[in-house]
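The sequence and model come before them.

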Amino acid sequence: MAAKRDYYDVLGVTKTSSHYEVKQQYRKLALKFHPDRNQSSEAGEHFKEISEAYDIISNPEKKQVYDQYGHAGVNGRYSGADIFRSAQGGGGGGFDSNDVWGWRNKGGALYALGKYDEAIECYDLAIVIDPGSPVVWNNKGLALNSLGKYDEAIASYDRAIVIDPDDADVWNNKGLALNSLGKYDEAIASYDRAIVIDPDDADVWNNKGLALNSLGNDNEAKKCHDRSRKLEHDS
């Protein structure tokens with residue numbers, strides 16, 4: 001049985017590629033190898049490989065595990081406890097308490113284990129070291145959102161947006177938190193900002209449609225849901 005290819009090689013990206021770059025490359029390859037568009041005998045396997053790679057690389061927590069353990073990590077050969085020990089520096093070499101990415105990675109491991117309060121503590125320590133990291137502010141927002149602390153999550157997303165206003169995912173995350181608070185008009189405004197940055201994100205169109213449904217604007221909601229389904233089909 002042939003060894004699995006590196007997920008970054010599959011997508012033609014690197015570990016430092018932005019989420020937007022990963023998403024754009026995935027869409028390009030998915031269109032090229034989708035079985036409905038490509039009738040070659042290898043298209044189906046290529047499409048499956050591309051989708052599997054994107055599922056891992058596009059998810060910050062799965063990406064962290066993959067970067068640390070490779071295919072063995074994401075295929076379940078390492079437990080959550082193994083990952084947590086590694087984030088603490090248990091794999092050798094110690095843990096540098098002044099390393100912002102060390103705290104960010106430890107927070108990510110705790111988040112993956114559902115330990116959201118502890119994850120937030122790690123993100124806060126990372127922020128003390130480097131308050132200018134939009135990724136850490138966004139990750140803190142996700143953890144707060146998981147705890148149902150939507151107002152605090154929004155404040156964290158806002159800090160990320162001040163640093164990097166062109167991250168569509170943060171605008172979408174903020175929209176989800178606003179939606180959870182029943183602030184549907186504000187949620188829609190946040191989704192609209194995400195759409196301006198990345199008009200081809202099916203999830204954002206769907207989320208906007210759900211907010212419009214909540215406002216009783218079913219005609220506009222249907223347009224958003226239709227757009228979302230079309231984007232999913234095309235990808």
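**Helices and packing**

The protein chain has 14 helices and zero strands (DSSP runs, H or I of at least four residues for helices, E of at least two for strands, numbered from the N terminus). This is a predicted model, in which local features need pLDDT of at least 70, side-chain atom pairs count only at pLDDT 80 or more, and totals for chains, interfaces and linings use all residues. Residues are numbered from 1 along each chain as its sequence is written, and side-chain values use heavy atoms, with hydrogens and water left out.

Q: What share of the residues in the protein chain is buried?
A: Buried means under 20% relative accessible area, exposed over 50%, and partly exposed in between (1.4 Å probe, protein chains only). The protein chain has 235 residues, and the buried share of them is 42%.

Q: Which helices do the buried residues of α2 pack against?
A: The buried residues of α2 are Val22, Lys23, Tyr26, Arg27, Leu29, Ala30 and Phe33. Contact means heavy atoms within 4.5 Å. The partners of these buried residues are α1 (7-11), α3 (43-57), α11 (168-180) and α13 (202-214).

Q: Is α8 roughly parallel or roughly antiparallel to α9?
A: The axes of α8 (residues 116-129) and α9 (residues 134-146) come within 9 Å and cross at roughly 160°. Axes are lines fitted to C-alpha atoms, for helices over the stretch in contact, and angles run from 0 to 180 degrees between N-to-C directions. Angles under 35 degrees count as roughly parallel, over 145 as roughly antiparallel, 65 to 115 as roughly perpendicular and the rest as oblique. The crossing angle therefore makes α8, relative to α9, roughly antiparallel.
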